[in-house]
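Walk through this protein step by step, with the model open beside the text.

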Amino acid sequence: MNLATATHPTSTLKDRDSTDLIVVHCSATKASADIGVRDITQWHIQRGFDTVGYHFVIRRNGELENGRPEHTMGAHVRGHNANSIGICLAGGVDANNKPENNFTPEQFATLQALLSKLKARYPQARILGHRDLSPDKNGDGKITPNEFIKACPSFDVAQWLKNL
Ligand SMILES: [Zn+2]
């Protein structure tokens, strides 16, 4: 038996090279589902990850929960895990599992506070939504809705930041 793998699950996580992006996600669960980091950790372990893929989770009531350690590499966005931090808001789909901006004011308040803290720590980092990292198929420099590979996080992060 390899003792190295029998220790705390986060012991296998690698440190992140840099922090160029702060990526906002949603859990794609219904507004009525009061889920948090423990639930997401279970789902991600079932998918073969070492632990929860995000660094932070914001519950429906606005409570901030820590995911994997902030300095480690996440598992939340293809091609960008080595240089990004991942934040997940619980919610984001309606009763038919269609994308819906159903986040609570408490969640947005926590997100705003967390982002300003992270921005102070990583001033060079760009804040964006998961869907904004979809491939720019027509090469016009903009990621438009028809190019989204996912709707995550079900709202326009850039627009929200502008309105703060
Ligand atoms: Zn996502």
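Start in a loop. S154 is found in the loop between β7 and α3. This is a predicted model, and every value here is computed from it. The phi angle of S154 is near 75°, a positive value in a residue other than glycine. Is S154 buried or exposed? S154 has a relative accessible area of 13%. Buried means under 20%, so S154 counts as buried.

A cis peptide bond joins C152 and P153. Its omega is about 10°.

C152 leads on to the metal. Which protein atoms are the donors of the zinc ion? They are ND1 of H25, ND1 of H130 and SG of C152. These donors lie 2.0 to 2.3 Å from the zinc ion. Along the chain they follow the spacing H-x104-H-x21-C. H25 sits in strand β1, residues 21-26, while H130 sits in the loop between β7 (126-129) and α3 (157-162).

Now look for the largest pocket. About 610 Å³ of space lies in it. Its lining is made of 26 residues. H25, R47, H76, H130 and K150 lie nearest the centre of this pocket. Two of those names, H25 and H130, are also zinc donors. Which elements give two or more residues to the lining? They are β1 and α1, the latter spanning residues 37-46. α1 gives the most, with three residues. By class, the lining of the largest pocket divides into 14 nonpolar, nine polar and three charged residues.

The second largest pocket has a volume of about 210 Å³. Its lining includes R126, I127 and L128. D156, A158, Q159 and K162 are also among the lining residues. Here β7 and α3 are the elements that give two or more residues. The lining of this second pocket has six nonpolar, one polar and five charged residues.

Next comes the sheet. In what order do its strands stand? Five strands form an open sheet in the order β4-β3-β5-β1-β7. The pairing is mixed. β4 (64-66) and β7 stand at the edges. Each has a single partner strand, so one side of each is left without a neighbour in the sheet. Neighbouring strands of this sheet are turned by 25° against each other on average, direction ignored.

F56 has N66 as its bridge partner in β4. β3 also pairs with β5, this time in the parallel sense, over three bridges. There F56 stands opposite I87. V23 has G86 as its bridge partner in β5.

How well covered is β5? This strand, residues 84-89, is mostly covered, and six of its six residues are buried. S84, G86 and C88 point one way from β5. I85, I87 and L89 point the other way. All of these are buried.

I87 also gives a reference point for G53. G53 is found in the loop between α1 and β3. At 0% relative accessibility, G53 counts as buried. The C-alpha atoms of G53 and I87 are separated by 9.4 Å. Along the chain, the two residues are 34 residues apart.

Finish in another loop. N97 lies between β6 (92-93) and α2 (105-121). Its phi is positive, about 65°, although N97 is not a glycine. N97 is partly exposed, with a relative accessible area of 49%. S154, where the walk began, also has a positive phi, but S154 is buried.

Key. Residues are numbered from 1 along each chain as its sequence is written. This is a predicted model: local features need pLDDT of at least 70, side-chain atom pairs count only at pLDDT 80 or more; totals for chains, interfaces and linings use all residues. Side-chain values use heavy atoms; hydrogens and water are left out. Donors are N, O and S atoms within 2.8 Å of the metal (3.2 Å for Na, K and Ca); water is not among the atoms, so sites may look incomplete. Helices (H or I, at least four residues) and strands (E, at least two) are DSSP runs, numbered from the N terminus. On a 1 Å grid over the protein atoms alone, a cavity is a set of points where a 1.4 Å probe fits but cannot get out, and a pocket is an open set with protein on both sides within 12 Å along at least five of seven lines; lining residues have an atom within 4 Å of a point. Grid points are joined across faces, edges and corners, and a volume is the space filled by probe spheres set on the points. Ala, Val, Leu, Ile, Met, Phe, Trp, Tyr, Cys and Pro count as nonpolar, Asp, Glu, Lys and Arg as charged, and the others, Gly among them, as polar. Two strands pair if DSSP finds at least two bridges between them. Axes are lines fitted to C-alpha atoms, for helices over the stretch in contact, and angles run from 0 to 180 degrees between N-to-C directions. Buried means under 20% relative accessible area, exposed over 50%, partly exposed in between (1.4 Å probe, protein chains only).
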